[in-house]
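User: I would like to learn how to read a few features of a structure. Can we work through them one at a time?

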Amino acid sequence: MAGGTPADLPPSVAVKLLSAGAAGCVADLVTFPLDTAKVRLQVQGESGPDPRGQRTRYRGVLGTIYTLVKSEGPRSLYSGLVAGLHRQMCFASVRIGLYDTMKEAYSGGVEHAGLVPRLLAGGTTGALAVVLAQPTDVVKVRFQAQTRRPDASAQRYGGTVDAYRTIARDEGVRGLWKGCFPNIVRNAIVNCSELVTYDIIKELILKYDVMTDNMPCHFTAGFSAGFCTTIVASPVDVVKTRYMNSLPGQYRSAAHCAWTMQLREGAGAFYKGFVPSFLRLGSWNIVMFVSFEQIKRLLVRLQRSWETSTSTSTCPRPA
């Protein structure tokens with residue numbers, strides 16, 4: 001990412017990968033209830049009225065969270081968290097941790113890359129991360145959309161490992177990569193919006209001395225990245241969620257899913273869950289980027305401290 005001080009640069013690729021994965025997990029822990037509310041709002045209405053005859057069970061972010069806690073217990077807000085953390089360790093680490101490396105490759109190593117190399121880098125790492133982490137995303141969405149019931153036998157899956165095993169058994173290995181194409185499209189868009197917006201805004205803040213390279217700067221750039229991403233990515237995100245959560249044969253493809261949504265629910269369906277999406281992406285980006293910058297700096301300092309102590313201990317003492 002743009003900016004930094006000489007003491008903090010340059011972190012190695014390994015440091016960036018580990019920092020991004022850890023920061024993604026921290027952000028998920030903080031914002032997971034918002035993500036669950038978003039998923040419930042997005043899938044609402046695809047199967048008609050609920051068992052009690054109500055077509056609209058969830059209303060708004062806080063209303064959805066309140067309904068989930070009241071009807072299914074507080075744990076329902078973190079349903080699928082384990083799969084979510086699996087996802088971040090292999091997803092965020094690749095799409096964020098490799099961004100600078102890909103940007104340098106596309107720009108030929110120039111100090112200030114143009115917009116096109118940044119977009120290409122964001123799209124590449126976003127697509128690569130999806131191919132790697134798609135099974136974890138499928139399981140996470142299935143758990144978040146699953147209604148928790150007192151009768152455990154009525155649950156769709158008994159646990160995270162059981163979900164991976166059941167999907168592979170009932171839907172084939174391809175079932176674990178269900179919705180991979182719309183997810184690639186979605187995350188290429190998300191990655192470009194998030195990383196390029198963050199990168200450019202942070203660079204401009206530092207260039208014009210609006211702030212120093214510290215938490216307020218990371219907060220501002222992260223919030224801006226979340227807002228831009230929500231505007232651009234919400235329609236693809238809703239289709240991705242609906243398609244990954246669908247039963248076998250419900251939709252022929254992601255395009256069929258989108259067409260069905262348009263026919264049955266209208267254009268507004270593509271922005272279902274927009275407010276929780278914005279709250280989640282905005283807060284997620286803030287927490288993630290602030291955590292990423294701090295964890296990255298901490299790891300660099302630890303690495304340099306270890307290298308210094310190692311070189312000192314191996315250096316021959318004067319006679």
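Predicted model: local features only at pLDDT ≥ 70, side-chain atom pairs only at ≥ 80, totals over all residues.

User: How many residues does helix α10 have, and what does it reach from its first C-alpha to its last?

Analyst: The idea is to set the span against 1.5 Å a residue. Helix α10, residues 254-265, has 12 residues and reaches 16 Å, close to the 16 Å expected.

User: Which residues of α10 are buried, and what covers them?

Analyst: An α-helix has 3.6 residues a turn, so residues three or four places apart point the same way. In α10 the buried residues are A254, H256, C257, A258, T260 and M261. Their cover includes α8 (180-207) and α9 (215-245).

User: Is R142 buried or exposed?

Analyst: A residue under 20% relative accessible area counts as buried. R142 has 0%, so R142 is buried. R142 is found in helix α5, residues 115-145.

User: What does the side chain of R142 join in a polar contact?

Analyst: The side chain of E171, at 3.2 Å. Beyond four places in sequence, the contacts of R142 also include R156, Y157, I167 and K178, as well as M244, N245 and S246.

User: Which residues touch the most other members of the largest nonpolar core?

Analyst: I96, M288, F289 and F292, out of 17 residues. Helices α1, α3, α8, α9 and α11 each supply at least two residues, and α11 gives the most, with five. Another core, of 11 residues, lies apart from this one; among its members are A83, V139, F143 and M244.

Technical notes: Residues numbered from 1 in each chain as written. Heavy atoms only, no water. Helix = DSSP H or I, 4+ residues; strand = E, 2+ residues; numbered from the N terminus. Buried < 20%, exposed > 50% of the residue type's maximum accessible area, 1.4 Å probe, protein only. Polar contact = N/O pair within 3.5 Å; in protein donor to acceptor, adjacent residues only side chain to side chain. Contact = heavy atoms within 4.5 Å. Expected span 1.5 Å × (residues − 1). Core = buried A, V, L, I, M, F, W, Y, C linked by side-chain atoms within 4.5 Å.
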